[in-house]
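Here are some friendly notes to read alongside the structure. Take them one at a time, and keep the 3D view open as you go.

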Amino acid sequence: MLSPLDRPIMTRIRIMDEMALASPEDIETALETSVNGIAAVFAVPLRTATEFQGVIYLGYRQPHYFDSTERNLLRTLAGQATVLVHNAHLFTAAESGRQRLAAILASTTNAVIVTDQTDRVLLTNPAMERAFHFRVQEVAGRPVLDVIKPKALAQRLSIRGDNGKPVSLPGGVGKVELEANGRTFVANIATVHSSAGQALGRVAVLHDVTDFKDLDRMKSDFLAGVSHDLLSPLTYMSNYASLLPMTDDPALRQEYADKILGGIDRMTHMINDLLDLARIGAGMNLQVAPINLNQLLMDIAQEHWSHANMVGVTIKSHVTGMPVVQGDPVLIRRAVTNLVTNAIKYAPHSGDLLLHATAAGREFIITVHDNGPGIPPEELPQLFESFYRGPQHIHSGTRGSGLGLAIVKSIVELHGGRVWCESEGGDGAIFVIALPAKPRFGNPNTASQT
């Protein structure tokens, strides 16, 4: 019944302290509208010191004079309503902020933990719970020194340490590296202060740096491998170069020169492999075309049959169907060739070396199966790492840079495929390349498809 008056009253009361309309004529004049059955209106704004919150008003069926008692009562009700509305707005804003914070904490991959001024756990996020294998219901409200096992982190999260003395963070920020459940974290800790500067607790954000640590280890191993494999032929060549001036025998001088040239060839081959590995990893100059796997395996078998026969290996190729894969012909040929030459080198006098290709579901499968001594299972996870060479190959004196299989892996992954080895040791080895029928190339921005 009163709703037609809502907008006119709301519009005018914004700039007024109150509105008292004692008759229908007053309503018509002030609001430029009227409502049947409403003969008097009294309205008071709901206003804080800074903003307008709304209005509270009464409508009477008869003309009415508003005395001071009625006015004061309505003003009191308006004041209380203003506080309630303001608090409701504050609660809505706080709840909205809490929900946004909860959503952010739930979605972030960094572990977060917050303590209060009594050094008890105030909140954690799911990433923190996963990292430390606990649930927030189990740790909320408990002393952080009892909950967090890495003491270095727990002590920095405490405003007062386990001895009751204040724990300061130099510059207001602390950092600690810690291990938890097989992962490595770097935690950044800061003190939470109120607007008055009082310490309300502490917050720690933990970054999982396990993969970076592994990458740093791989980089160190890589540099160590490069240094070793370059230093060996350099030392080898230096020794023979120092012997050259000491002999007048032409045959011996030629032998020394050949040794030096052999060392240069080894270094050149390894440097070229390193450059190829970098170029393949970057996907540079990728040329995509249909590859007939039947023709590819036949060509590789023909190319290497003479060398293989000399060391007691017979290469046989077999293709099921007519598989044609999309990829860079030069790189795919390089990958299969590396597997074949590896088998010839590390499995001599082992009889048949079988090359096979077939379509399997949404993939094309290429296998290189030798009948050599095989590979121990514990070595298989490291087999495709740069510079990795199994102990049996090192002890046998077989030369190699340890880059051949790393290049195979880079080529296959560039084509969106997979590569692995199946062997139990003592019963040959099967190297498998699986290429997708519809490849997604690793670096499309640098690939040119023809």
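Which residues are buried in H3? Keep that question in mind for the first point, and remember throughout that you are looking at a predicted model.

1. **Helix H3.** The buried residues in H3 are Leu74, Ala78, Ala81, Thr82 and Leu105. Helix H3 itself covers residues 68-107 and has 40 residues. From its first C-alpha to its last, H3 reaches 58 Å, close to the 58 Å expected at 1.5 Å a residue. Have a look at the start of H3 too: there a side-chain oxygen of aspartate 67 comes to within 3.2 Å of the backbone nitrogen of threonine 69.

2. Three strands make up an open sheet, in the order S1-S2-S3, with antiparallel pairing. Strand S1 (19-21) and strand S3 (52-60) are the edge strands, each pairing on one side only. From one strand to the next, the twist averages 10°. Eight bridges link strand S2 (residues 40-47) with S3 in the antiparallel sense. If you want a landmark, find proline 45, which stands opposite valine 55 in S3.

3. **Helices across the sheet.** Helix H2 (residues 24-31) lies across S1 and S2 and runs at about 135° to S1. Helix H3 lies across S1, S2 and S3, running at about 40° to S2.

4. **An aromatic cluster.** Phe42, Tyr60 and Phe66 form one aromatic cluster. How many aromatic pairs does a search of the whole structure find? The search finds six. One of the aromatic pairs joins tyrosine 60 and phenylalanine 66, with 5.3 Å centre to centre and 65° between the planes. Is that pair stacked or edge-to-face? With planes over 60 degrees apart counting as edge-to-face, this pair is edge-to-face. Both tyrosine 60 and phenylalanine 66 are buried.

5. **Asparagine 125.** This residue sits in the loop between strand S5 (121-124) and helix H4 (126-132). Is asparagine 125 buried or exposed? Asparagine 125 counts as buried because its relative accessible area is 0%, and the cut-off for buried is under 20%. The side chain of asparagine 125 reaches the backbone nitrogen of valine 112 at 2.8 Å. Leaving aside residues up to four places away in sequence, asparagine 125 touches Leu105, Thr108, Asn110, Ala111 and Val112.

6. **A hairpin.** Strand S7 (residues 183-193) and strand S8 (residues 199-208) run antiparallel and are joined by nine bridges. Together S7 and S8 form a hairpin, with five residues between them. In the turn, glycine 197 has a positive phi of about 90°. Across the strands, isoleucine 189 stands opposite alanine 204 in S8.

7. **Helix H11.** To finish, find helix H11 (residues 329-346), which has 18 residues. From first C-alpha to last, H11 reaches 26 Å, close to the 26 Å expected at 1.5 Å a residue. What caps the N-terminal end of H11? Aspartate 328 does, with a side-chain oxygen 3.0 Å from the backbone nitrogen of valine 330. The buried residues of H11 include Leu331, Ile332, Ala335, Asn338 and Tyr346.

Key:
Residues are numbered from 1 along each chain as its sequence is written. This is a predicted model: local features need pLDDT of at least 70, side-chain atom pairs count only at pLDDT 80 or more; totals for chains, interfaces and linings use all residues. Side-chain values use heavy atoms; hydrogens and water are left out. Rings of Phe, Tyr and Trp (its six-membered ring) pair if their centres lie within 6.5 Å; planes under 30 degrees apart count as stacked, over 60 as edge-to-face and the rest as tilted. Buried means under 20% relative accessible area, exposed over 50%, partly exposed in between (1.4 Å probe, protein chains only). Helices (H or I, at least four residues) and strands (E, at least two) are DSSP runs, numbered from the N terminus. The expected span of a helix is 1.5 Å times one less than its number of residues. A polar contact is a pair of N or O atoms within 3.5 Å; within protein, one must be able to donate a hydrogen and the other to accept it, and residues adjacent in sequence count only if both atoms are side-chain atoms. Contact means heavy atoms within 4.5 Å. Two strands pair if DSSP finds at least two bridges between them. Axes are lines fitted to C-alpha atoms, for helices over the stretch in contact, and angles run from 0 to 180 degrees between N-to-C directions.
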